[in-house]
Amino acid sequence: TAEHSVRWRDRLLCQTDLIGKLGSALAPVTNWLLSNRFVRRFGEWIGVHRERQILHFSRESFPRWFSRHMPPPGAAAPLRKVALFSSCLVNYQATDIGKATVQVLEKNGVKIVVPEQRCCGMPAFDIGDTMAIQKAAQANVTSLHRWVSEGYDVVVPTASCSLMLKREYPIMMSDEKTRLVAERTFDICEYLMKMKREGQLAADFVRPPGRIAYQIPCHLRDQNM
C-alpha cells in the first residue's frame, strides 16, 4: 500500500474485531440478516458472494465466557502456563473452539490467561496493507511479551494467527521482544503434541474418540507442520 491505496470495501472487511463485536452483540439480528437472501445479494456489492457460507455469530463472545469461567481446582503449581491468543474467529463466531481449547489445556494442568489482543493482521496481510499489519504486530507483541517474560507460552487455536505471530511479525519487526514472542508461540495441536512427547499429556479418556477425518490447514503446512 505504499504505492497503491486499499479499496474501501477491503478496509471494511478487514475490520474483523469491529465486525465481530457488533455481530456478537446483535447476534439474533445479525444471524437472521446473514441468512436472508436479499441481504446476501446486497453483500455481493461489498465482495461477499451470496452463496458463501458464513459462520453465525455467538450471542456470548469467547472473552465474555472466559471472564466468568472458573478453572477446576488443581495443584498449587501448574505444569505449564499459557497465554491464549484466541483470534477474532474464535472470539465471536467459533467460540466452541476456544472453550474446548481451555478445557483440554486445563485437563492437562495448564494455567490459562487470555491477554488483551487484537486481530493478528492476516486480513491486512492478504491485501498488502503493511501499515495495518505493523500496528497489529506492535499491539499484540506488547501485550503478549509481558506474559512470555513471566514464563507463559503463547498458544493459538487458529493456524492463520499462529503463522502471523511466528513468522510474519519477526519479518515486520526485528526487535528482541518480537523474536521472543515468536519463539514461544505454538499452534494448539503443536503444543499438545509437544506435551505428549514430554510425557505430560493426559490420556485417560472416558471413551475412545473414534475415527477422525482431519484436514491439515494450509497455514499449518506453511509452518512445516
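Predicted model: local features only at pLDDT ≥ 70, side-chain atom pairs only at ≥ 80, totals over all residues.
What do their rings do? The centres of F62 and F66 are 6.1 Å apart and the planes sit at 40°, so we call this pair tilted. Buried or exposed, then? The cut-off for buried is under 20% relative accessible area. F62 has 0% relative accessibility, so it counts as buried. F66 comes in at 18%, so F66 counts as buried too.

Now another pair of rings, W147 and Y152. This one is edge-to-face, with 5.1 Å from centre to centre and 75° between the planes. Both of these residues are buried. In total, the model has four aromatic pairs.

On to the sheet. Which order do the strands take? It's an open sheet of four strands, going β2-β1-β3-β4, and the pairing is parallel. The edges are β2, residues 110–113, and β4, residues 185–187; each has a single partner strand, so one side of each has no neighbour in the sheet. If you ignore direction, neighbouring strands are turned by 35° against each other on average.

Let me zoom in on one pairing. Strand β1, residues 80–84, runs parallel to β2, and four bridges join the two. One example you can find on the screen: R80 has V110 in β2 as its bridge partner. Then there's a helix packing on this sheet, α10, residues 159–172. Helix α10 touches β3, which is 153–156, and also β4, and its direction makes about 145° with that of β3.

Last stop, helix α2, residues 16–25. Which residues are buried there? D17, G20, G23 and S24. These four cover an arc of only 140° around the axis, which means they are on the same side of α2. And what covers them? That includes α3, residues 27–34, and α6, residues 88–92.

That's my tour, thanks.

How values were computed
Residues numbered from 1 in each chain as written. Heavy atoms only, no water. Buried < 20%, exposed > 50% of the residue type's maximum accessible area, 1.4 Å probe, protein only. Arc of directions from axis to C-beta. Contact = heavy atoms within 4.5 Å. Pairing = 2+ DSSP bridges. Axes fitted to C-alpha atoms, helices over the stretch in contact; angles between N-to-C directions. Phe/Tyr/Trp six-rings, centres within 6.5 Å; stacked < 30°, edge-to-face > 60°.
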